[in-house]
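Here is a short briefing on charged side-chain pairs. Look over the sequence and the model before reading on.

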Amino acid sequence: MYGRAAGFILSRVSRTVELPKTRPPGGGLGDAWRVIVRNDNHNTFDHVAHTLARFIPGVTVSRGHEIANVIHGSGQAIVYTGQKEPAELYWEQLKSAGLTMAPLEQG
């Protein structure tokens with residue numbers, strides 16, 4: 001192939017073919033995972049707020065109190081959405097701190 005025209009060489013290069021989508025966007029392995037804290041009768045608002053602030057990036061104690069109010073009012077709240085590995089870590093940390101956790105959800 002050496003010494004041949006570039007067009008000939010490029011015609012021999014394989015091409016990537018994109019297969020039709022079989023799932024809706026967000027339907028694959030890269031879907032976001034959700035960490036959900038449920039309401040219970042044994043954790044105080046302060047404990048929930050401080051625990052969220054301690055383990056969930058970007059959550060302040062003030063924001064933790066807002067989330068605790070949502071948990072109390074609606075029965076649960078999504079406290080993190082993102083990649084699987086950090087979601088698993090945050091879920092374990094919150095569970096170990098005594099919060100009542102829903103199973104991890106993908107989607």
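What follows covers the salt bridges and where their residues lie.

The model is predicted. It holds 3 salt bridges. Side chains of opposite charge can pair when their charged atoms come close.

**Between two strands**
- Arg34 and Glu105 form a salt bridge through their side chains, with 3.1 Å from N to O.
- Arg34 belongs to strand E1 (residues 33–38) and Glu105 to strand E4 (residues 105–106), so this pair ties together parts that are 71 residues apart in sequence.
- Arg34 is partly exposed, at 22% relative accessibility. The cut-off for buried is under 20%, so Arg34 does not count as buried.
- Glu105 has 32% relative accessibility and is partly exposed.

**Within helix H3**
- The side chains of Arg63 and Glu66 meet in a salt bridge, at 3.0 Å from N to O.
- Both residues sit in helix H3 (residues 61–74). Arg63 and Glu66 are 3 residues apart, about one turn of the helix.
- Arg63 has a relative accessible area of 40%, which makes this residue partly exposed.
- Glu66 is partly exposed at 42% relative accessibility.

**Within helix H4**
- Glu88 and Lys84 pair in a salt bridge, with 4.0 Å from N to O between their side chains.
- Helix H4 (residues 84–96) contains both Glu88 and Lys84. They lie 4 residues apart, about one turn of the helix.
- Glu88 counts as partly exposed, at 34% relative accessibility.
- Lys84 is partly exposed, with 40% relative accessibility.

How values were computed:
Residues numbered from 1 in each chain as written. Predicted model: local features only at pLDDT ≥ 70, side-chain atom pairs only at ≥ 80, totals over all residues. Heavy atoms only, no water. Buried < 20%, exposed > 50% of the residue type's maximum accessible area, 1.4 Å probe, protein only.
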